[in-house]
Amino acid sequence: MTGYIISVLVSAGIFALLAQGLNLHWGYTGLLNFGVVAFFAVGAYTMAVLVSVFDWPLWAAMAAAMLAAAVLGVLVALPAIRLRSDYLAITTLAVGEICRIVLHSSPGVVDLTGGPSGIRGYSHDFFGLRETLGLQWMTGLEFLMAAVWIVVLLVLLVVTVMIRSPWGRVLKGIREDEDAMRALGKNVVAYKMQSFAFGAALAGLAGVFFALNLSSITPEAFLPMISIYAWVIILIGGGGSLLGPVVGSVLFWALFNATTFIPSEWMSSQDAAYLRLILVGLLIMVMVLLRPQGLLGNRKELLRESRH
Amino acid sequence: MDEALQLVADGVVVAAALAVAAVGLSLIMSVLRMINVAHGDLLTVAAFAALVCVNAGLPLVIALIVAAVASALIALGLELSLWRRMRARGGSNFSLLLLSVGLAYVVRHVLFLIFGEETHQYAPPTRELAIGPVYMTREGLTVVAGGAVCMIGLAALLKWTRIGTAMRAMADNMDLARASGVDVARTSAITWVIVGVLTGVGGVLLGIGGRIFPNMGWNIILLVFAAVVLGGIGTAAGAAVGSLVIGVGQELVTHSALGLPPEMKQAFVFLFLVVALVIRPQGLFGARRYV
Amino acid sequence: MEQPKVDAAAGAERAAGVGPAAGVGPADGETGGLFEVAGLRAGYVKEIDVVRECDVRVAAGQLVSIIGPNGAGKSTLVKAVFGLVDVRAGTVLLDGRDVTRVPTHHLVAAGIGYVPQVANVFPSLTTEENLRMGCYLSPRERATRAAWIYDLLPLLAERRSQKAGTMSGGQRQVVALARALMGDPRVLLLDEPSAGLDPNSVRMVFGEIRRIADSGIAVLMVEQNARRALASSDYAYVLDMGQNRFEGPGPDLLHNDDVARLYLGGAK
Ligand SMILES: Nc1ncnc2c1ncn2[C@@H]1O[C@H](COP(=O)(O)OP(=O)(O)OP(=O)(O)O)[C@@H](O)[C@H]1O
Ligand SMILES: [Mg+2]
């Protein structure tokens, strides 16, 4: 049971960060990103490569990971921001796949990423911190859990402050009525880009912790499924609410990992994994059909048509 | 040169199945303004439906018909139970897309649960025939012929029949179609049935040309989408041209002169898709405004 | 789909050439109201009524105009009547039968034709196909009616296989009108049929509309070309802020000082 709780909380913390990034994309700017996994992967790989190949200190690699993800965010948002919502979704889905394939087999890149065999040996620094801080009594996983949740709370604080700032109010204004904000002389595109880059950086940070939770990362860990999980979390928690991603993530992983309690006489672990993904799909459908605003969401019409 | 020609021939086979898959997605996008992410997985369902028939000893033609009928019924069932309900409450394009993502997950993993991870074939592949400078299998030729029949048939239906004109009218202007007496709900349902048949045939063609496994449709959904975007939404000719460009282009980038690993070919197609979407969202060859 | 269907008899009656039943309208029954709208409320967004309390009545053979400032709700009124906008209250009667909230395609089957103000053709369809859509519900009559239309509007015959999306605004307007006529309607709803036409075409279209009305069709027309519309209308309504402001025979309104001052850009 403790094992279950810790594994839920580790995953939930990582995905709360990812979903918070997506929340900035969708909940606050209405940009439908189906490729958050791209930023997640770039964050994870940047950190892993910098630490294990170039021997960077962890904190610098983390900052670089967020920066790299933010830069990719700007590159994606720059052209994509003009697309209609569902087209943007497909475009970003494709961007996520491009990232994965490039990490897997692009000449040049694979020399650093190890291609399909992945990359390892980037987490000693992080788990070494336990000794430095005198926290040897914690297991590695417990330490990771604590670290992730401290970061989740910090991010929550930062995002709250930002959303309440004048900058955040403009962002909200754009969400409510883009034309009105434009008429007020706000550079709507610039605001959207900033929010997109910020969200991408958070996704990159989530990727760092995701990598730390695994002893090695391979491109296969960054399937489009990751983006879908983030979406389910937002759907559960509700877009545009600050606590939504956190609550949604905990609920999602509690439910997701609960399938490990299915007795093995009933079902092989492989089948249980399939069942889990069926549940993910059903959860998406049920949420879209019944509560598109999420459990904590505050904007009913987010999924409504803005008539063309 | 011979290598290039052979790659073109391989690409044409891929394109034929892709086109049938693409035109279904494209019709739904144009007539119902919805991107059905589950389209790929419904192709897979059809391929497996035919596999079940073949394994039960039925000839492939019968299996194809069964798959087409089953697929049409599924498409109709989903329209009546899901999509229509969502549209009636004013669900946005995006909520429909999200719903179809959920459906895609359910369908694919139900298939995994039933059929496991193994790949299957309808029959062991036959020997390659030399056609001029290139080699093609009998299966490859079947796929090309089947694809051509579907595309020409659909083009004729859209162009010459009353329902086809109504579908194009709906794609153009939904309210005006209503104002002309088109029963939009009924025409939507018929569109889904037609698309269901195409999905059924497309799935089986994909299975004939390659292998059958639960991820087969999901793996190509972005390719299919790229073909649609490239060719322009809502026409059979557009889907055919888009699929040819994608199918042949994707094989050609594996030409040994370029020295790229074959896994990279999809990355190029996706990159192309992104660039195409951003530069010309109405399709490279399509004229209709959609975005 | 629990909306009432239009009685099939409406179609039969029409085929038999039986005129509108007398005395089915409200008590005064003066014009025998073939088509009547009473107390209509309609709108797009929840809780905001664009049309509030509207009454309109058109008899067979009458040309009735609705004029009013931009944004008055004229187009919304026509769309609501035709089932394209949410109706919140009021009734629409066709031959005394309640057809409020009847699905649009049933209204078409019952003999109502509509030309929208904008997006009034199928741009990717050819002229021929646009006309074919015009008699979607009676494909057998297609050939005869198309021949009649091409005869009436020779402009179209030349452009038979041109896509409507590639035509000029005025040409599209003509295609739109022709499409509506292809359905052989008993009631024709026209939203600004003269918009964007050159003076000769305006004269031609107004003449044609008058002739259509004289042939026994009830025509309800929204127009910005207000003076001309009033001059050729049997009856007219002035709509403002979603409500009836004035009504009366067309020429009377034309010479009404208040109407002229408020809605026709000053006294004549
Ligand atoms: N699709 C729509 N959604 C929401 N509001 C709408 C829509 N169409 C029109 N409106 C609003 O309804 C009101 C009435 O519009 P309507 O088109 O009926 O005016 P109109 O009288 O036809 O004007 P015009 O002379 O300019 O054609 C306007 O305030 C308009 O903003
Ligand atoms: Mg109007």
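Residues are numbered from 1 along each chain as its sequence is written, and chains are lettered from A, with ligands numbered from 1, in the order in which they are written. In this predicted model local features need pLDDT of at least 70 and side-chain atom pairs count only at pLDDT 80 or more, while totals for chains, interfaces and linings use all residues; side-chain values use heavy atoms, with hydrogens and water left out.

**View 1. The contact between chain A and chain B.**
Two pairs of chains are in contact, and chains A and B share the most contacts. Contact means heavy atoms within 4.5 Å. Chain A gives 44 residues and chain B gives 43 residues. The size of an interface is often given as the accessible area lost when the parts come together. Here the two chains bury about 4200 Å² between them, with 77% of it on carbon and sulfur atoms. Buried area is what two parts lose in accessible area (1.4 Å probe) on being put together, summed over both. There are zero salt bridges between chain A and chain B; such a bridge needs a side-chain nitrogen of Lys or Arg within 4 Å of a carboxyl oxygen of Asp or Glu. Two residue pairs are in polar contact between chain A and chain B, both at pLDDT 80 or more. A polar contact is a pair of N or O atoms within 3.5 Å; within protein, one must be able to donate a hydrogen and the other to accept it, and residues adjacent in sequence count only if both atoms are side-chain atoms.

**View 2. The side of chain A that touches chain B.**
In chain A, α4 (85–105), α11 (225–237) and α13 (269–290) each supply at least two residues of this side. Helices (H or I, at least four residues) and strands (E, at least two) are DSSP runs, numbered from the N terminus. The largest share, 15 residues, comes from α4(A). By type, the residues on this side are 29 nonpolar, eight polar and seven charged. Ala, Val, Leu, Ile, Met, Phe, Trp, Tyr, Cys and Pro count as nonpolar, Asp, Glu, Lys and Arg as charged, and the others, Gly among them, as polar. Chain C does not touch chain A: their nearest C-alpha atoms are 11 Å apart.

**View 3. Helix α8 of chain A.**
The helix spans residues 166–176, and its buried residues are A:W167, A:G168, A:V170, A:L171, A:G173, A:I174 and A:R175. Buried means under 20% relative accessible area, exposed over 50%, partly exposed in between (1.4 Å probe, protein chains only). Their cover includes α1 (2–27), α7 (140–164), α9 (178–183) and α10 (188–213) of chain A.

**View 4. Strand β3 of chain C.**
Five of the five residues of β3(C) (residues 63–67) are buried, so the strand is largely enclosed by the rest of the structure. In a regular strand the side chains alternate between the two faces of the sheet. Both faces of β3(C) are covered, with C:L63, C:S65 and C:I67 on one side and C:V64 and C:I66 on the other. β3(C) pairs in the parallel sense with β8(C) (residues 218–222) over four bridges. Two strands pair if DSSP finds at least two bridges between them. C:L63 has C:V219 as its bridge partner in β8(C). β3(C) also pairs in the parallel sense with β9(C) (residues 235–240), over four bridges. There C:I67 is bridged to C:V238.

β4(C) and β5(C) pair over two bridges in the antiparallel sense. C:L93 is opposite C:D98 of β5(C). C:D95 lies in the loop between β4 (87–94) and β5 (97–98). Its phi is near 55°, a positive value in a residue other than glycine. C:D95 is buried at 5% relative accessible area.

**View 5. B:N173 and its contacts in chain C.**
B:N173 sits in the loop between α6 (162–172) and α7 (174–179) of chain B. B:N173 is buried, with a relative accessible area of 12%. Leaving out residues up to four places away in sequence, B:N173 touches B:R33, C:A119, C:V121 and C:F122. C:A119 is in the loop between β6 (112–115) and α4 (127–134) of chain C. Though not a glycine, C:A119 has a positive phi of about 45°.
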